[in-house]
Amino acid sequence: MNTIDRSIHELVRALNNLERAEVIQGRLIGVGKKAVPAVADFLLEAPGNLKPRGLAAEALRIIGGQEAFDVLVKRLNMFLPVEDPVVALDEEAVKNRIASELKYFGERAVGPLLDALERQRLVGAAESLAELNEQRAIPFLIELLEDSFKRSRISEAILRFGPAALEKLIETTKFRRLEDGLETPQSTERRAAATRLIGTIGGEVAFSRLAELLYDYDEQKPIRCEAALHLIRVTSGHINEKAHAVIREAMADPELARRFKFEDIFIRETNKGGSSGANKDRQ
């Protein structure tokens, strides 16, 4: 290693000084493509060091070029053995940061991001694909609605697709994952989240599906409740009356945990106000 390379490696190591990390990152970006190998070594090393490696990923993206892109993809696909759950979360956060940086490379990043979404269920990949309007990601995003820890961010990503996501969302409300003849809680939560997204996106097709769910007496309460709450905001007359009846029934559930859940849903939706896009004069 010559003197210049050694100096660059020492500069990269200085990213571990959290007080000066952003300044060091700026200097590395100023070095340009000559810094890529050293930054790559730092990014590809053992787990941990969330902030320094996040800054390293951002530096590679800003420097740009095929070599930097290849390093980011390689790091995204690495599976390092991690036993400490805290370090494991940091590792996932680094990968999410890398996925976020990859979107700036445009179309050539789509393949690696789709792979990371399918194989690793990375929220960062989901969000980047949504920003790139890559509709092939929609089915994978909908599957992730079963993950309670990722559901909020995944829902936001799906909403970026707007009406383009409606077909798959409606489809998933009809699919129940069963165990021993009963729908799993994760399946119910996925379908409830999908119902909520359908109502938020709105439109004629959305209205029709919400009405079907409202009047399906065999449907699970959380799904009917989500449908009812969205329909209340955009209807009047008989449908509105039925929606209120469904909500009253849900909020009187004898099981306390479920009743609190329905009350939370009701408070959340009524605080939003506005309209989901369907006509106000529905009857």
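Which residues does Leu102 touch, not counting residues up to four places away in sequence? Select Leu102 and you'll find Phe69, Leu72, Val73, Leu76, Ala109 and Leu113 in contact with it, where contact means heavy atoms within 4.5 Å.

Before moving on, some ground rules. This is a predicted model, with local features needing pLDDT of at least 70 and side-chain atom pairs counting only at pLDDT 80 or more, while totals for chains, interfaces and linings use all residues. Residues are numbered from 1 along each chain as its sequence is written, and side-chain values use heavy atoms, with hydrogens and water left out.

**Zoom out**

Show the whole protein as a cartoon. The C-alpha trace spans about 80 × 35 × 35 Å along its principal axes. Of the 283 residues, 48% count as buried (buried is under 20% relative accessible area, exposed is over 50%, partly exposed is in between, with a 1.4 Å probe and protein chains only). Taking contacts between residues at least 6 apart in sequence, 63% join residues at least 24 apart.

**Into the core**

Now select Leu102, Leu141, Ile158 and Leu169: they have the most contacts inside the largest nonpolar core, which has 79 residues. A core here is a set of buried Ala, Val, Leu, Ile, Met, Phe, Trp, Tyr and Cys residues joined through side-chain atoms within 4.5 Å. In soluble globular proteins, nonpolar side chains tend to be buried together.

**The aromatic pair**

Next, pick Phe69 and Phe105. A search of the whole structure turns up one aromatic pair, and this is the one: the ring centres are 5.2 Å apart and the planes meet at 55°, so the pair is tilted. (Rings of Phe, Tyr and Trp, using its six-membered ring, pair if their centres lie within 6.5 Å; planes under 30 degrees apart are stacked, over 60 edge-to-face, and the rest tilted.) Phe69 sits in helix α5 (residues 66-76) and Phe105 in the loop between α6 (85-102) and α7 (110-120), so the pair ties together parts 36 residues apart in sequence. Both Phe69 and Phe105 are buried.

**Two crossing helices**

Colour α3 (residues 36-43) and α4 (residues 50-63). Their axes come within 9 Å and cross at roughly 145°; axes are lines fitted to C-alpha atoms, for helices over the stretch in contact, with angles running from 0 to 180 degrees between N-to-C directions. On the α3 side, Val36, Val39, Phe42 and Leu43 make the contact, and on the α4 side Pro52, Arg53, Ala56, Ala57, Leu60 and Ile63. As for α3 itself, six of its eight residues are buried: Val36, Ala38, Val39, Ala40, Phe42 and Leu43.

**Helix α13**

Jump to residues 204-214, where Ala206, Phe207, Arg209, Leu210, Ala211, Leu213 and Leu214 of α13 are buried. Show α11 (166-173), α12 (185-201), α14 (221-234) and α15 (237-250) too, as the buried residues of α13 pack against them.

**Out to the surface**

Finish with His238, found in helix α15. His238 is exposed, at 62% relative accessible area. Then try Val86 in helix α6, also exposed, at 55%. From C-alpha to C-alpha, Val86 and His238 are 52 Å apart in space and 152 residues apart in sequence.

Notes:
Helices (H or I, at least four residues) and strands (E, at least two) are DSSP runs, numbered from the N terminus.
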